[in-house]
Amino acid sequence: MSAPLSVLQKAERLQAEARRLNEGEKGEEEARRISERISVLHNQLMSLQRRLRIARSLMAQPAAGDIDLSGLDTGLAAFTRHCEGGGLPPNPAFTRASTAVQKVADRIAQDSQEAWRQWTQAQLEALQMARQAMLSLQDQARAKALHQDLIKTARADVDAAVITLFANAHAELAELLETAPPPPEGLQTLLDRLASGTALLLSDITDEEIALLRRVDLDADLEVRRRRT
């Protein structure tokens, strides 16, 4: 993004030219027009830079997908020619440049949010949450709190701080679960069924599965309600 910002610096220098031409009301209006247009384009370029930092931060995470960062200079070529030619860029040149920058920024933001959703979902699914029941009561409470924080953070709009927050919490929880012994056979499969989002009847769960949940102190995490008829 150094090139677009250097183009903007050239445009800012043109304000001095507009002021030198200021021998009357027309010159004042021209200088004001250039100043306002430059301010709008500057804000859009700064927004694009922020979205680029977020996208690159996300792509730097392990197992994160790629985000298309192409087209950063789209729409600025004609604006560059106006700046380098020594003339004052006309309104259409600013409009085309602003529209192009905003379009690229919006695309990168949308792609980053989708990549964030996919990445956090995969990271959550990779956690061996069945091991939580094998931890000490103190560590179980910490693991549960971390997991809840991860789920909440994954629903947030992506930005650099949120990415760091999720990555740090995930690393801590994964390390904590690694300290626990392997869970009893069948526990992970049962927990996956219970967390699938599909409502289960009590008859869908066997006595052996209920006993397994009681054995690892997970029965208190389940809620049973009578279905209305």
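What is the volume of the largest pocket? In this predicted model, the largest pocket has a volume of about 850 Å³.

**Figure 1. Lining of the largest pocket.** The lining of this pocket, whose volume is about 850 Å³, is made up of 20 residues, and those closest to the pocket centre are Met 129, His 147, Ile 151, Leu 191 and Ala 195. Helices α4, α5 and α7 (187-194) each contribute at least two residues to the lining.

Figure 2. Arg 131 lies in the loop that runs between α4 (91-126) and α5 (137-154). Arg 131 is buried but forms no salt bridge. Glu 178 is the nearest side chain of opposite charge, at 4.9 Å, whereas a salt bridge is defined by a nitrogen-to-carboxyl-oxygen distance within 4 Å.

**Figure 3. Contacts of Arg 131.** The side chain of Arg 131 makes a polar contact of 2.9 Å with the side chain of Gln 128. When neighbours within four places in sequence are left aside, the residues in contact with Arg 131 are Leu 177, Glu 178, Ala 180, Pro 181, Pro 182 and Pro 183. Glu 178 is thus listed among the contacts of Arg 131, although no salt bridge is formed by Arg 131.

**Figure 4. The chain around the close-ups.** The chain contains 8 helices and 0 strands, giving the pattern α-α-α-α-α-α-α-α along the sequence. Of its 229 residues, 35% are buried. Among contacts between residues at least 6 apart in sequence, 73% link residues at least 24 apart.

Definitions and conventions. Residues are numbered from 1 along each chain as its sequence is written. This is a predicted model: local features need pLDDT of at least 70, side-chain atom pairs count only at pLDDT 80 or more; totals for chains, interfaces and linings use all residues. Side-chain values use heavy atoms; hydrogens and water are left out. Helices (H or I, at least four residues) and strands (E, at least two) are DSSP runs, numbered from the N terminus. Buried means under 20% relative accessible area, exposed over 50%, partly exposed in between (1.4 Å probe, protein chains only). Lys and Arg count as positive and Asp and Glu as negative; His and the chain ends are not counted. A polar contact is a pair of N or O atoms within 3.5 Å; within protein, one must be able to donate a hydrogen and the other to accept it, and residues adjacent in sequence count only if both atoms are side-chain atoms. Contact means heavy atoms within 4.5 Å. On a 1 Å grid over the protein atoms alone, a cavity is a set of points where a 1.4 Å probe fits but cannot get out, and a pocket is an open set with protein on both sides within 12 Å along at least five of seven lines; lining residues have an atom within 4 Å of a point. Grid points are joined across faces, edges and corners, and a volume is the space filled by probe spheres set on the points.
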